[in-house]
Amino acid sequence: MEPLAKTGGLADVIGVLPRKLNEIGCDVRVILPYYKETRKNLKRLKLKVKDLNRDVIVTIDWLPYKGRIKETTVEGVKVYLLAHDGFYDRDHLYTAANGDYKDNDLRFGFFSLGALEIAKALDFRPDIIHCNDWQTALTPIALKWKRHYNNDPFFKNSEVVFTIHNISYQGIFGKDLLDKFGLSGALFNPEQLEFYGRVNLLKGGILTSDLVTTVSPTYAREIQTKEYGYGLDGVLRAVAHAGKLAGILNGIDDEDWNPETDKALYARYNAADLEGKYENKAKLKNLLGFSTNGHVPLIGVISRLAHQKGIDLIVRALHRILDLGAELVILGAGDKGYERLLKQVSDDYVDNFRAVIGYNESKARRIYAGSDMFLMPSRFEPCGLGQLIALRYGTVPVVRATGGLLDTITDYDEGREHANGFIFDHFTEQSMLNTIERAISIYHNPPEWKRLIQNAMEQDFSWKRSSREYLAYYKGLSPEG
Ligand code: ADP
């Protein structure tokens, strides 16, 4: 949950959606692990944390594990933090330098069951329990398949919504997970928790929830195919067939992401007056040490460095992109292999390419504002927030035709009146290059380019619409509507 803990888009969603739901009449409480990062952020933001003087106990492998409930409020949203230093007082959320933490099953199993215990300890009876990604899957699994929870009157009227933010992360563990969490060995079959000889938590979450959602309509269709389903396409086809799968597009926080008020920028601007945008570009180029003069498009990339994001495609095509007469800046962190590779190639260029390694929000904001185009050549993209932020900052997205990118970007060739970007179909260098070339040719036609920028900035991908959609689904599930 932004600003308490973040690795990617999920944090942005939880940072806004609960607040927007509260604004339209819900009473949302967020439950988060009390990560080290969370503690630091609370301190930095001077947010008060209250110890509720309450413990919860979760039994794992016959041993009682005790967690402490703390409470804070973020922009009016009540957040319960489940504290357990052994599990969460670590430098990263999920993955250290040498790979995923080995005890992630315990860490997130404890969290999933601990969340139910928190609801009980505080006597908060939720109509809807909204779970996100595999880390929370043991919540619905326990409510359906674990003795003690499956007939617990406390949760009698609770329905579970499960959102898949990215199906490539599934939480796959050994069979002994069942024992550890007191689940029956009979669940180890392909119709339930078994997945090629192991236990797949995401699969269990999907099967035991009352409604499964994902973060764009196109991604909801794609994950039902072999190409995008990461082995769960069959399960999702069945869920869709039962009418229990929905795609709801994410939004962005349009107050937080606003070039008119963004304090990180060198200058502020809006659709009617783009002077500030050009100033941001000039300053950014200066900072990056780019020496090219004249009317040259600056392409920005801000991304987790992961296979999904197509960073390899950019690196392979880099020389040819620059040869098209463009400059490129990449801000990213993640996979160490990509970080090394990008640093290496960055040294080969001085004038027109720079890789900035690290996670840095103010740099990100300056790149969103100072670039002319925003490149997202994703292999798959559940929703994608980068292109939505880019639109808001008048930076024209050049994206691959997949997932939420397809639901939010309209290609220039589809109709100049409505276009807000450029789309390429195939995950190949050539397909990407052809489209970048197309974008560059429009860039050199200033009135057309300006129209694109204005179309981009006029789009409304705020949370207002999405939060209403979520609420409609919640109401559809809840017995009292
Ligand atoms: P994902 O969740 O798959 O990483 P999204 O596009 O949905 O991708 O969300 C990514 C979010 O993280 C955006 O808000 C983007 O601006 C931000 N982001 C990604 N990498 C960086 C970085 N290196 N520095 C700052 N912000 C970043």
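This is a predicted model: local features need pLDDT of at least 70, side-chain atom pairs count only at pLDDT 80 or more; totals for chains, interfaces and linings use all residues.
Student: What radius of gyration does the protein have, and what would a compact globule have?

Tutor: The C-alpha atoms fill a box of roughly 70 × 45 × 45 Å along the principal axes, and 57% of the 481 residues count as buried. A compact globule with 481 residues would have a radius of gyration near 23 Å, and the protein agrees with this, because its own value is 23 Å.

Student: Where does α11 bend, and by how much?

Tutor: Helix α11 covers residues 311–323, and at 1.5 Å a residue its 13 residues should span 18 Å, which agrees with the 18 Å between its end C-alpha atoms. The buried residues of α11 include Ile314, Val315, Ala317, Leu318 and Ile321, and the helix is followed by Gly325, whose phi is positive, near 90°. One of those buried residues is also the site of the bend, which is about 60° at Ala317.

Student: Which element gives the most residues to the lining of the second largest pocket?

Tutor: About 380 Å³ of space lies in the second largest pocket, and of the 17 residues that line this pocket, the closest to its centre are Thr59, Lys146, Arg147, Phe181 and Gly182. The elements that give two or more residues to the lining are β2 (50–60), α4 (104–121) and α6 (176–180). By class, the lining has 8 nonpolar, 3 polar and 6 charged residues. The element that gives the most, with 4 residues, is β2.

How values were computed: Residues are numbered from 1 along each chain as its sequence is written. Side-chain values use heavy atoms; hydrogens and water are left out. On a 1 Å grid over the protein atoms alone, a cavity is a set of points where a 1.4 Å probe fits but cannot get out, and a pocket is an open set with protein on both sides within 12 Å along at least five of seven lines; lining residues have an atom within 4 Å of a point. Grid points are joined across faces, edges and corners, and a volume is the space filled by probe spheres set on the points. Ala, Val, Leu, Ile, Met, Phe, Trp, Tyr, Cys and Pro count as nonpolar, Asp, Glu, Lys and Arg as charged, and the others, Gly among them, as polar. The expected span of a helix is 1.5 Å times one less than its number of residues. The bend at a residue is the angle between axes fitted to the seven residues ending there and the seven starting there. Buried means under 20% relative accessible area, exposed over 50%, partly exposed in between (1.4 Å probe, protein chains only). The radius of gyration is taken over C-alpha atoms; the globule rule is 2.2 Å times the number of residues to the power 0.38.
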